[in-house]
Amino acid sequence: THAHAARFPASEGWRPDGVLDETARIVVGTRNPKDTCVSMWHHVREKPEFNLAGGADASTRPEVCPSFADWVELFLSGQCECGSWFHHTLEWYYASLNDPDILFLKYEDLIDDPRAGIARVAKHIGVGDTPAIIEKTLVNSSMDAMKSGKTGIYAGNVRKGGVGNWRKKIDGDSDALFDRVYKQQMAGSGLKFNFGDGVSLVDIDLFDHSFNILVHETDLQAL
C-alpha cells in the first residue's frame with residue numbers, strides 16, 4: 001500500500017489514530033529515495049493522466065515537468081504521486097519500532113540477500129519457510145518472472161530494479177539538493193539506506209523526529 005501508517009486500513013476499518021488492529025500483520029517495503037525518485041519518474045511518464053510527457057495532445061497539454069531536475073524538486077517537496085517519501089518512510093519506520101506486527105524491510109537488503117528477506121516475511125506472516133518454498137518464491141519474484149506477466153504482477157510496473165542506477169539520472173545541482181534535503185529530513189532518525197556501491201548518506205548528529213514538516217518549493221530554493 002501507499003497509505004501512511006496513520007491511515008492504514010486494518011481489519012476493523014480506518015484507524016486515524018495510527019493504531020493497527022491486533023490481528024494485522026504488516027510488511028512495509030521501502031527503497032532509497034534516489035532510486036525511488038528515478039523509478040517513479042519512469043512510472044508516471046507512462047501514465048497519460050499525470051501529463052508529465054505532454055499527454056495525448058501536446059499542443060494543448062504542455063508537458064508538466066519539462067526537465068528531470070524539475071521532477072527532482074517535485075519529488076523532494078512531496079508534490080508527486082503518493083506525497084512525501086520522507087513522511088511515508090519515517091512514519092512507518094517509527095511505527096515499526098513500537099509494534100512487532102510491523103515488519104520494516106529495505107529493498108536494498110532484499111537485493112543483497114533475497115533468501116533471508118523472504119524467510120523474514122514468511123516468519124512474520126506465519127506461512128511456510130521451508131527451503132523449497134523460499135526457492136520457489138525467489139524464482140517467482142525475480143525480475144524476469146515478473147516481466148513475463150505469469151506471476152500475477154502487472155509487467156508494465158516492472159522496469160529494471162537494482163541499486164544505485166539513480167546515478168545515471170541524478171547529478172550536479174540536483175544531486176547536491178537531494179543530499180541536503182535528505183540529511184535535513186532524516187536527521188536523528190537512525191535510519192540509513194544503501195544508495196549503491198556500499199554508499200550510505202551520513203546521518204547528521206541531530207535529533208529531530210518532526211517528519212510532519214514538509215519541504216516546500218520555497219524551502220528548496222533556500223537550501
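Modeller: Just after helix 5, G126 takes a positive phi of about 75°. This is a predicted model, in which local features need pLDDT of at least 70 and side-chain atom pairs count only at pLDDT 80 or more, while totals for chains, interfaces and linings use all residues. Residues are numbered from 1 along each chain as its sequence is written, and side-chain values use heavy atoms, with hydrogens and water left out.

Colleague: What makes residues 114-125 helix 5?

Modeller: Helices are DSSP runs of H or I with at least four residues, numbered from the N terminus (strands are runs of E with at least two), and helix 5 has 12 residues. From its first C-alpha to its last, helix 5 reaches 17 Å, close to the 16 Å expected at 1.5 Å a residue, where the expected span is 1.5 Å times one less than the number of residues.

Colleague: Why do the buried residues of helix 5 line one face?

Modeller: Buried means under 20% relative accessible area, exposed over 50% and partly exposed in between, with a 1.4 Å probe and protein chains only; in helix 5, G117, I118, A122 and H124 are buried. Seen down the helix axis, these buried residues fall within an arc of 165°, taken from the directions from the axis to the C-beta atoms, so they line one face of helix 5.

Colleague: Why is H2 called exposed?

Modeller: H2 has a relative accessible area of 58%, and is therefore exposed. H2 lies in the segment before strand 1 (9-10).
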